[in-house]
Amino acid sequence: MKEDISIKRENEKKVVNLMIKIYCKGHNHGREVPCSECKKLIEYAELRTNLCPFMENKTFCSNCKVHCYKPDMREKIKEVMKRVLLIVALVLGSTVLFAQKYNKNEVKQLQSFLQQKSAKG
């Protein structure tokens with residue numbers, strides 16, 4: 001069970017890290033991605049995830065009764081989530097529209113390509 005929680009923590013950190021990098025790149029915060037401000041947010045999010053006592057049953061931080069993020073960092077992560085989830089929705093919506101014109105194999109190849117690109121950062 002402890003191992004499952006560790007895996008869950010690591011997965012959450014990877015997802016948040018990726019989302020912050022996507023946000024940073026999309027908002028031209030600087031030449032280096034992540035920029036110094038976004039690096040601080042990544043470090044802060046990782047710290048909060050490492051210390052989360054509710055990880056075993058956790059769904060989303062926004063559903064938690066205890067908000068462990070400082071108010072300013074909470075606003076920053078909410079902005080990241082809002083912007084990146086919008087991008088994801090647009091990409092998925094485009095994929096669905098694209099799928100209506102092309103065969104499923106081509107769409108799967110496109111989705112695989114997008115996943116590889118996002119994994120590489």
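Biologist: How many helices and how many strands are there in the protein?

Modeller: This is a predicted model, and in it the protein has 4 helices and 0 strands, which gives the pattern α-α-α-α when read along the sequence. Buried residues make up 23% of the 121 residues, and of the contacts between residues at least 6 apart in sequence, 60% join residues at least 24 apart.

Biologist: What makes Tyr44 and Tyr69 an edge-to-face pair?

Modeller: The structure holds 1 aromatic pair, and two values decide how it is described. The ring centres of Tyr44 and Tyr69 are 5.2 Å apart, which is within the 6.5 Å limit for a pair, and their planes stand at 75°, which is over 60 degrees, so the pair is called edge-to-face.

Biologist: Why can this pair be said to tie together separate parts of the chain?

Modeller: Tyr44 belongs to helix H2 (residues 36-51), while Tyr69 sits in the loop between H2 and helix H3 (71-101), so the pair ties together parts that are 25 residues apart in sequence.

Biologist: Are Tyr44 and Tyr69 buried or exposed, and how do you know?

Modeller: The limit for buried is under 20% relative accessible area. Tyr44 has 11% and is therefore buried, and Tyr69, at 14%, counts as buried because this value too is under the limit.

Biologist: Which residues touch the most other members of the largest nonpolar core?

Modeller: Of the 16 residues in that core, Ile20, Cys38, Leu41, Tyr69, Ile77 and Val80 touch the most other members, and H1, H2 and H3 each supply at least two residues of the core. Leu41 touches Ile20, Met73, Lys76, Ile77 and Val80, when residues up to four places away in sequence are not counted. As a general background, nonpolar side chains in soluble globular proteins tend to be buried together.

Biologist: Why is Glu12 called buried?

Modeller: Glu12, which is found in helix H1 (residues 2-26), has a relative accessibility of 18%, and because buried means under 20%, Glu12 counts as buried. Leaving aside residues up to four places away in sequence, Glu12 touches Thr49, Met55, Lys58 and Cys61.

Biologist: Which residues are the closest to the centre of the largest pocket?

Modeller: The largest pocket holds about 760 Å³ of space, and of the 28 residues that line this pocket, Glu12, Lys58, Phe60, Cys61 and Ser62 are the closest to its centre. H1, H2 and H3 each supply at least two residues of the lining, and by class the lining has 16 nonpolar, 5 polar and 7 charged residues.

Biologist: How do you know that the peptide bond between Val33 and Pro34 is cis?

Modeller: The angle to look at is omega, which is about 0° for the cis bond that joins Val33 and Pro34. For background, most peptide bonds are trans.

Biologist: Where is Pro34 found, and why is Pro34 called buried?

Modeller: Pro34 is found in the loop between H1 and H2, and its relative accessible area of 10% is under the 20% limit, so Pro34 is buried. Not counting residues up to four places away in sequence, Pro34 touches Lys21, Cys24, Lys39 and Ile42. One of these, Cys24, is 10 residues from Pro34 in sequence and 6.0 Å from Pro34 in space, C-alpha to C-alpha.

Biologist: What makes Ser6 and Cys64 partly exposed?

Modeller: Partly exposed covers the values between the 20% limit for buried and the 50% limit for exposed. Ser6 has 41% relative accessibility and therefore counts as partly exposed, and Cys64, at 23%, also counts as partly exposed because its value lies between those limits. Ser6 has its place in helix H1, and its C-alpha atom is separated by 9.1 Å from that of Asn50, 44 residues apart along the chain.

Terms used. Residues numbered from 1 in each chain as written. Predicted model: local features only at pLDDT ≥ 70, side-chain atom pairs only at ≥ 80, totals over all residues. Heavy atoms only, no water. Phe/Tyr/Trp six-rings, centres within 6.5 Å; stacked < 30°, edge-to-face > 60°. Buried < 20%, exposed > 50% of the residue type's maximum accessible area, 1.4 Å probe, protein only. Contact = heavy atoms within 4.5 Å. 1 Å grid on protein atoms, 1.4 Å probe; cavity = no way out; pocket = protein on both sides within 12 Å on 5 of 7 lines; lining within 4 Å. Points joined across faces, edges and corners; volume = space filled by probe spheres on them. Nonpolar A, V, L, I, M, F, W, Y, C, P; charged D, E, K, R; others polar. Core = buried A, V, L, I, M, F, W, Y, C linked by side-chain atoms within 4.5 Å.
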